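Please keep the sequence and the model in view while working through the points.

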Amino acid sequence: MKKLLVLFSVVFMVSCDTLSPTSLSLTGKEPVVQLPLIPEIRQEYPIKNPDKITIKGSTTIAPVMEKLIWEFEKNTKNYAFHLEPSGSLSAIEALKANEADMIMTSISMNEHQKFDFHTNNLDIVELYLGGDALAIIVNVNNKARGMTRELVKEIFTGNRSEWEVTTGLDKKIHLFGRDSTAGTAQYFKEHILDNEPFAKTMIPLKNSKAIMDSVRRYRNAIGFVSFAQLNYAVEPLDISFDQGQTFVKLRNEQVENFQYKFVRPLYLYYKAETYHKLKPFIDFIKSEKGKDIICDQGYIPVSSSLISGKLPNEIQ
């Protein structure tokens, strides 16, 4: 009986204790027994052959996609995800070359891009993920708090190269924007610059964080970033869409009721042939839980009237 009680005590402490070493004295005369580390007690056995899902594309969407994957994996271990924020345009090529199962883009595929898939006998599916506003940001020491849509265009096309005296700055404007692989840059050029080229002096960067870091560092800087990724180490400008009569603050309610117009839909694309493989994850994204995650991360959920009630070419 004594041996059985001792054995029960040892087993109980192994199964209930933490993963740190435990000392156990069985009797006053017997030596101390060191129980070994047994990490496998609290580890789940991995799936031998999980389905690998590679997702590439927009750096705008990558943060919310990472969160969606993390939440999805809480309930299933049948998938191994690889997330690569490579930029929207390069991701389209990756999908065509069979280097990604799903891609994220911050601009819709144009007819030429869709035709390329069609000529290669590839059927693709377009899925609205949500919406995101573009914030025009300046350094916090800049006294400017508002800007007209027309002036935004003048600055980013290089037709205005110096700050006005009222800004408290007397230096040339330093421009920061997105690189040419980004759907954000393409959207900005098409819908805000009316297809005019960016100023040659603009410095292209890989993501919104790099732009915010640069604008925070230089007093005379200006840039454009994802509203969902905005931090307040920089100053987002109010924008006038009626030539200076009124200015709209960048707030969630102004974005969702379409008063703030620098907004674009965000997309996911995948090949129709991979639907069954992706279906559980797609269903999760479209679920109420998925929509809540998208909203909590600062994006506009697909159920919003902004996305469901406006065609892509109207959101500009």
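**Notes on the predicted model**

1. D194 is found in the loop between α6 (183-191) and β9 (203-205). In this predicted model, the phi angle of D194 is near 55°, a positive value in a residue other than glycine. Most residues other than glycine have a negative phi. With a relative accessibility of 40%, D194 counts as partly exposed.

2. F258 is placed in the loop between α8 (252-256) and β13. Is F258 buried or exposed? The relative accessible area of F258 is 16%, and buried means under 20%, so F258 is buried.

3. The protein chain has a mean pLDDT of 83, and 80% of its residues reach 70 or more. Over residues 1-45, however, pLDDT stays under 50; the model has 34 contacts beyond four places in sequence for this stretch. Residues 304-316 also have pLDDT under 50 throughout, and here the model has 35 contacts beyond four places in sequence. Where pLDDT is low, the predicted coordinates should not be read in detail.

4. The overall composition may be summarised as follows. The protein chain contains 11 helices and 14 strands. Of its 316 residues, 44% count as buried. Among contacts in the protein chain with a separation of 6 or more, 73% are between residues 24 or more positions apart. The protein chain exposes about 17,100 Å², of which carbon and sulfur atoms supply 52%.

5. How many of the residues of strand β13 (residues 263-271) are buried? The count is 9 of the 9, so the strand is largely enclosed by the rest of the structure. Strand β5 (residues 102-105) pairs with β13 in the antiparallel sense over 4 bridges, and T105 stands opposite Y267 in β13. Strand β6 (residues 124-138) also runs antiparallel to β13, joined to it by 9 bridges. Within β13, R264 stands opposite D132. As a general point for reading such strands, the side chains in a regular strand alternate between the two faces of the sheet.

6. N139 illustrates a buried polar side chain in a loop. N139 lies between β6 and β7 (146-148), and its relative accessibility of 3% means that it counts as buried. Which backbone oxygen lies 3.0 Å from a polar atom of the side chain of N139? That of V215 does, and the backbone oxygen of R216 is likewise placed 3.0 Å from a polar atom of this side chain. Leaving aside neighbours within four places in sequence, N139 is in contact with several residues, including R217, Y218, A221 and E235.

7. The aromatic residues may be examined next. A search of the whole structure finds 18 aromatic pairs. The ring centres of F176 and Y218 are 6.0 Å apart and their planes are at 20°, so this pair is stacked. The pair links distant parts of the chain, 42 residues apart: F176 is in strand β8 (residues 174-178), and Y218 is in the loop between α7 (208-217) and β10 (221-226). F176 counts as buried at 4% relative accessibility, whereas Y218 is partly exposed at 37%.

8. A further stacked pair is formed by Y270 and Y275, with ring centres 6.5 Å apart and planes at 25°. Y270 is buried, with a relative accessible area of 5%, while Y275 is partly exposed, with a value of 29%. Elsewhere, ring pairs link F72, Y79, F81, F281 and F284 into a cluster.

9. The last point concerns P301, which belongs to strand β14 (residues 300-301). P301 counts as buried, at 11% relative accessibility. What separates the C-alpha atoms of P301 and K286? The distance is 9.6 Å, and the two residues are 15 residues apart along the chain.

Technical notes: Residues numbered from 1 in each chain as written. Heavy atoms only, no water. pLDDT = per-residue confidence, 0-100. Contact = heavy atoms within 4.5 Å. Helix = DSSP H or I, 4+ residues; strand = E, 2+ residues; numbered from the N terminus. Buried < 20%, exposed > 50% of the residue type's maximum accessible area, 1.4 Å probe, protein only. Areas by Shrake-Rupley, 256 points an atom, 1.4 Å probe, with all protein chains shown as cover. Pairing = 2+ DSSP bridges. Polar contact = N/O pair within 3.5 Å; in protein donor to acceptor, adjacent residues only side chain to side chain. Phe/Tyr/Trp six-rings, centres within 6.5 Å; stacked < 30°, edge-to-face > 60°.
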